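Please open the structure in your viewer and keep the selection tool at hand. The tour goes from one selection to the next and says what is to be found at each stop.

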Amino acid sequence: MCGIVGYSGPKEPLPILINGLSRLEYRGYDSAGIAISDGNKITVEKKEGKLDVLKNHLKDSNIKGNIGIGHTRWATHGVPNDVNAHPHSDNSEEFAIIHNGIIENYAEIKKDLLEEGFEFKSDTDTEVVAVELSRKWNGQLLETVTDVAKTLEGTYALVVTTTKEEGTIVAGRLMSPLVLGVGENEVFLASDSAAILEHTNKMIFLENGDFVEIKNGQYKLFDSELNEIEREIQEIDWEVSEAEKLGYDHFMYKEILEQSEVIERTISGRLETTSKEIPIKQDEASKYEKIWIVACGTAYHAGLFGKDLFEKVLGVPVSVELASEFRYREPIVGKNDLGIVISQSGETMDTIAATELLKENGAHVLALVNVVGSSLARMADSVFYLHVGPEIGVASTKAYLGMLVAQLLLAKHWDSQNKLDVSFDEIAELPKLIEETMDCEKQIKDISEKIYKKNDIYFIGRGLDYALAAEGALKLKEISYLHAEALAAGELKHGTLALIEDGTPIIVTASQNHLLDKTTSNVQEVIARGAYVIAIGDNQSEKLENISDEYVTLPDSNEILTTVISIIPLQFIAYHVANLNGESIDQPRNLAKSVTVE
Ligand code: F6R
């Protein structure tokens with residue numbers, strides 16, 4: 001939700017900012033802007049629309065300076081337009097500021113400022129901070145920013161520059177992510193490390209309440225009381241090319257195709273019973289009385305898959321919770337409980353708040369996250385990284401698969417009584433299996449041609465297949481804007497069956513043999529109402545195959561691995577249906593990756 005980039009050093013900031021923003025556009029894309037200071041004046045340029053509009057606007061410009069800041073916006077306060085785009089300035093245009101987060105008490109501060117005669121151009125909460133900085137200016141940028149920050153309620157990653165203190169950038173964070181990239185006599189700021197990885201792999205992940213003062217390519221870190229502090233520099237081992245499209249039309253497509261390769265990394269070094277990579281050992285895991293899996297969206301769907309596995313191997317109840325709900329109720333969490341929080345970004349506000357709640361109640365928190373050094377990774381007691389590399393497409397694909405596999409690995413390591421019918425050797429074959437599953441794409445493309453004009457599409461499955469169906473439906477609706485709904489197959493007859501009519505597409509996931517007969521009966525029920533059935537399963541589902549209009553046969557494998565790879569045809573369906581409808585795919589309307597607001 002909003003992407004931030006900053007630069008101080010000997011190079012021209014403009015290309016660095018634009019490049020950084022292009023890597024952050026997945027965080028918001030309704031407007032973009034930059035501010036560059038040459039020491040005497042700050043030039044601000046900003047435009048409504050995707051980054052290309054700003055790029056086009058700047059194509060003949062030659063804005064020079066020694067520091068710069070840039071922003072790509074996902075609107076919270078104020079419609080997307082040029083005026084509401086960041087950077088924002090004070091009335092005398094001596095400050096330029098970019099912000100990710102929400103200032104909850106902006107209206108009160110604005111009222112005071114208006115009474116004192118200050119003026120406002122935009123409807124944003126951020127402009128209030130810019131104006132407030134000018135009102136509170138005390139001759140020193142760092143002090144003024146920390147002073148103002150103390151009065152702000154809400155969340156922020158703030159980056160500020162001013163003509164009143166030549167060559168200085170001050171930035172700070174509270175709940176919204178901010179990374180400092182450390183180069184040779186140059187310093188970068190960004191909302192995530194992938195945006196600046198081409199310049200340096202040395203990163204400092206700022207903690208809540210940290211501030212940084214940057215001058216002439218050097219930095220100093222402070223706490224909010226202005227005590228100088230130190231933070232560890234971490235070296236990120238992601239390749240720059242992983243955050244690039246490499247000739248593909250869409251990041252989402254590239255990320256689907258690279259799943260075999262990235263899952264190789266997820267399992268690497270984690271298949272031996274003695275692996276040191278497993279954060280919680282079996283004897284410890286077996287002591288927990290209850291497990292809470294807490295996450296949002298796609299990560300929540302991954303948690304539905306983990307629930308059955310953990311209940312089976314540990315014999316304790318597992319509750320899967322939507323973080324946005326969990327944080328506002330009073331769940332009975334005990335100190336002998338384990339919280340498993342799942343997140344690609346590690347920055348989702350609701351999941352962070354739910355993690356705090358788990359910790360306050362004494363639960364041990366294990367984070368399954370992808371982004372190294374992210375907030376959740378730092379807050380949790382234990383971390384299990386997905387290692388799937390940067391995910392840029394807003395619709396999560398490879399991270400979801402990584403979440404399934406990470407949970408399968410944990411369950412396998414915690415399975416002291418061999419209740420899971422899968423061996424480490426079979427899990428080792430997963431990358432190969434994923435590669436073979438990619439062969440279904442041609443068939444899925446043809447199926448997509450038949451359904452892309454439909455308005456309603458239903459996904460059904462039982463047990464683990466329902467967890468997959470839920471994710472398949474979310475994928476389809478978020479990028480194709482079609483109405484898609486997932487149902488536990490046995491639930492259809494309790495209401496939704498009324499919506500099935502001639503030609504309604506029903507996508508069936510049927511990977512679990514013990515549920516096959518039941519699922520097949522539910523399919524008969526929709527066929528009797530005229531549904532167009534697309535089923536996905538292995539080669540042992542002859543009955544289902546015979547009655548379906550389309551049958552996607554997954555490669556032969558162990559049953560639970562068949563469930564895992566079932567997501568690939570579902571990802572292809574979402575991708576091809578959206579593509580046939582001419583949708584933008586990587587930047588679906590109204591959405592952004594990394595949801596750092598409530
Ligand atoms: C959908 C999608 C979202 C995220 C959700 C949580 O494709 O990506 O539903 O799963 O916003 O994000 P993370 O995993 O970063 O916590």
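Which residue takes a positive phi in the hairpin of β12 and β13? Before selecting it, note that this is a predicted model, in which local features need pLDDT of at least 70 and side-chain atom pairs count only at pLDDT 80 or more, while totals for chains, interfaces and linings use all residues. Residues are numbered from 1 along each chain as its sequence is written, and side-chain values use heavy atoms, with hydrogens and water left out.

**First stop: two hairpins**

Select N216, which takes a positive phi near 45° in the hairpin of β12 and β13, where two residues lie between the strands. Strands here are DSSP runs of E with at least two residues, and helices are runs of H or I with at least four residues, both numbered from the N terminus; two strands pair if DSSP finds at least two bridges between them. Strand β12 (residues 211-215) and strand β13 (residues 218-222) run antiparallel and are joined by five bridges, and V212 has L221 in β13 as its bridge partner. Now follow L221 to the other side, where it stands opposite I229 in β14. Strand β14 (residues 228-229) runs antiparallel to β13, with two bridges joining them, and the hairpin that they form has five residues between the strands, with L226 in the turn showing a positive phi of about 70°.

**Second stop: the open sheet**

Next, select the eight strands that form an open sheet, with antiparallel pairing, in the order β3-β2-β4-β1-β10-β9-β11-β15. At its edges are β3 (42-48) and β15 (234-235), each of which pairs on one side only. Strand β2 (residues 31-37) pairs with β3 in the antiparallel sense over seven bridges, and S31 can be found opposite E48 in β3.

Colour the chain by its domain assignment, which comes from an automatic or database source and gives domain 1 (3-236), domain 2 (245-428) and domain 3 (437-598). The C-alpha centres of domain 1 and domain 2 lie 33 Å apart, and their contact takes 12 residues from domain 1 and 11 residues from domain 2. Between them they bury about 1000 Å², 63% of it on carbon and sulfur atoms, where buried area is the accessible area (1.4 Å probe) that two parts lose on being put together, summed over both. Select Y26, M175 and F205, which supply 45% of the area that domain 1 buries against domain 2.

**Last stop: the largest nonpolar core**

Finally, select I340 and W414, which touch the most other members among the 91 residues of the largest nonpolar core, a set of buried Ala, Val, Leu, Ile, Met, Phe, Trp, Tyr and Cys residues joined through side-chain atoms within 4.5 Å. Buried means under 20% relative accessible area, with a 1.4 Å probe and protein chains only. Helix α13 (residues 398-413) gives this core its largest share, 11 residues, and domain 2 and domain 3 each give at least three. Leaving aside its neighbours within four places in sequence, I340 is in contact with residues including W292, F310, L368 and W414. Apart from this core lies another, of 33 residues, among them I36, L58, M203 and F251.

Terms used: Buried < 20%, exposed > 50% of the residue type's maximum accessible area, 1.4 Å probe, protein only. Contact = heavy atoms within 4.5 Å.
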